[in-house]
Amino acid sequence: MFKRDFGWHASQSTFCDWVNYCCVLLEPLYNALKQKIIFSDYIQTDESSIKVLDKDKIRSTHQGYLQCDGYKVYDKLGAQENITLIGCLIHARRKFFDAQENDSQRAR
């Protein structure tokens, strides 16, 4: 795109450097958001690989509420003591929306 639009060919290392510099600039934001998640007792997830740890229990999953969709992998987390799974309201709403074709009055 740079070559086409500006007549300039950038090397792959230049693009890698740009990404690296952006990551360095974003790291404080990432760390701040991570701390908010770690100290929260309510988390929403969407196939995130971030593990939330309780500062008082090394290598323990944080206790609280995990809002997620019906993806089966979350059942294992929900089976742990002091973790309560709560459903995603958008997914529940979608079922009512789809049901309008069969019984619109009750679906609404």
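Colleague: How many salt bridges does the structure hold?

Modeller: The structure holds three salt bridges, where the term stands for a side-chain nitrogen of Lys or Arg within 4 Å of a carboxyl oxygen of Asp or Glu. Bear in mind that this is a predicted model, in which local features need pLDDT of at least 70 and side-chain atom pairs count only at pLDDT 80 or more, while totals for chains, interfaces and linings use all residues. Residues are numbered from 1 along each chain as its sequence is written, and side-chain values use heavy atoms, with hydrogens and water left out.

Colleague: Which residue does Arg4 form a salt bridge with?

Modeller: Arg4 pairs with Asp5, and their closest N and O atoms are 2.9 Å apart. Arg4 counts as exposed because its relative accessibility is 65%, whereas Asp5, at 44%, counts as partly exposed; the cut-offs are under 20% relative accessible area for buried, over 50% for exposed and partly exposed in between, with a 1.4 Å probe and protein chains only.

Colleague: And Asp75, what is its partner?

Modeller: That is Lys72, with 3.8 Å between the closest N and O atoms of the salt bridge. Asp75 is partly exposed at 41% relative accessibility, and Lys72 is exposed at 65%.

Colleague: Where do Arg106 and Asp103 lie?

Modeller: Both are in helix α4, residues 89-107, and they are three residues apart, about one turn of the helix. Arg106 is exposed, with a relative accessible area of 71%, and Asp103 counts as partly exposed at 30%. Helices here are DSSP runs of H or I with at least four residues, and strands are runs of E with at least two, numbered from the N terminus.

Colleague: Switching to the sheet, what order do its strands have?

Modeller: The order is β1-β4-β5 in an open sheet of three strands with parallel pairing, where two strands pair if DSSP finds at least two bridges between them.

Colleague: Why is one side of β1 and of β5 left without a neighbour in the sheet?

Modeller: β1 (42-44) and β5 (83-87) stand at the edges and each has a single partner strand, so one side of each has no neighbour there.

Colleague: How many bridges join β4 and β5?

Modeller: Strand β4, residues 64-68, pairs with β5 in the parallel sense over five bridges, and the bridge partner of Gln67 in β5 is Ile86.
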